[in-house]
Amino acid sequence: MSATQTMDHAALEKDAGPSPPSPQISSGQNGAPMQPQMSVEEHQVAQAAARFGYGPLAQVNNNERSLPPFGGEFQPGLYKPVEGRKFANPAPLGLCAFALTTFVLSAINMGTLDISSPNIVVGLAFAYGGLVQLLSGMWEMAVGNTFGATALSSYGGFWIAFAIVLTPGGFEIGEALGESSSDPSKFYDSMGLFLLGWFIFTTIMLFCTLKSTVAFFMLFFTLDLTFLLLGIAYLQRSPDGSPNTNVQMAGGFFGFLAAFSAWYNALAGLADNSNSFFIIPVAHFPWSPTGRVRRGKTDRELA
């Protein structure tokens, strides 16, 4: 194995890829410094800029330069921690906060123990799923993980917003939309649009997991279906005008799967050599950097 391949393989264990080579300064015949030589990557970037420019329309050949996985610290257990840092990994905390709150609400949506009112979720949504998850998202920002910060902070905001809607007698959002009146259709329509908006956001997050692991992808895939089905349940109601019970129960089922997927990913981050005898398997996609290395293929072979 060459030195270049060794560096590429070692970079898979880090949050970022290998650092770019420093420019080489050469001297002319009279000893005067000449322009620094461009690396292969810099030459490719310059060619792309000259032909297509920068921005959304710039064409990029993904086989020419493989980016490192998007969320190393948000997929704990897969990568070594940042060397010499003073921050712990905030991802397992945020995933646990999301999982427990989603578990309780999904149980209610499935009609468990004949519980029909989701008000018990208000406390969890404010404190654990909301505040704690929001704080963990801010710490993801501190350790330099943009995806983790965006996902955890956004879903923390979702739970706080959901708790505000459900707070009895507090903000009176449901009363203003006629939730307790003889025609609560405006409230149901508003809730359906609210959930479908989060379905769109989760779909965007789902696209960003296609280069990670199967366990991480399944978390966002099941959550995406949860928002979609719950939104449909509120918009396509039963003949009596109430949310569609069967679709709502289906949304609760996928919410269960999302909750346990979040707990599983959190366990993968918590189980390390300091507290566990084994590493939690997370199943790498075959096209991910780690998957390609395990198949013995390098970027040069895939180009």
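A salt bridge is a side-chain nitrogen of Lys or Arg within 4 Å of a carboxyl oxygen of Asp or Glu. Everything below comes from a predicted model, in which local features need pLDDT of at least 70, side-chain atom pairs count only at pLDDT 80 or more, and totals for chains, interfaces and linings use all residues. Residues are numbered from 1 along each chain as its sequence is written, and side-chain values use heavy atoms, with hydrogens and water left out.

**View 1. The salt bridge of Arg237 and Asp189.** Side chains of opposite charge can pair when their charged atoms come close. Here the closest N and O atoms of Arg237 and Asp189 are 2.8 Å apart. The two residues sit 48 residues apart, with Arg237 in the loop between helix H8 (214–235) and helix H9 (245–270) and Asp189 in helix H7 (residues 185–207). Helices are DSSP runs (H or I, at least four residues), strands are E runs of at least two, and both are numbered from the N terminus. Arg237 is partly exposed, with a relative accessible area of 24%, and Asp189 is partly exposed at 27%. Buried means under 20% relative accessible area, exposed over 50%, and partly exposed in between (1.4 Å probe, protein chains only). By the rule above, the count comes to one salt bridge.

**View 2. Helices H3 and H5 packed together.** Two packed helices are described by the angle between their axes and the distance between the axes. For H3 (residues 91–109) and H5, the angle is about 35° and the axes lie 11 Å apart. Axes are lines fitted to C-alpha atoms, for helices over the stretch in contact, and angles run from 0 to 180 degrees between N-to-C directions. The residues in contact (heavy atoms within 4.5 Å) include Phe98 and Leu105 of H3 and Tyr155 and Trp159 of H5. Eight of the contact residues are nonpolar, three are polar and none is charged. In this grouping Ala, Val, Leu, Ile, Met, Phe, Trp, Tyr, Cys and Pro count as nonpolar, Asp, Glu, Lys and Arg as charged, and the others, Gly among them, as polar.

**View 3. Thr167 in a loop.** Look for Thr167 between helix H5 (146–166) and helix H6 (173–176). Is Thr167 buried or exposed? Thr167 is buried, with a relative accessible area of 19%. A polar atom of its side chain lies 2.6 Å from the backbone oxygen of Ala163. Leaving aside neighbours within four places in sequence, Thr167 is in contact with Val122 and Phe126.

Key
A polar contact is a pair of N or O atoms within 3.5 Å; within protein, one must be able to donate a hydrogen and the other to accept it, and residues adjacent in sequence count only if both atoms are side-chain atoms.
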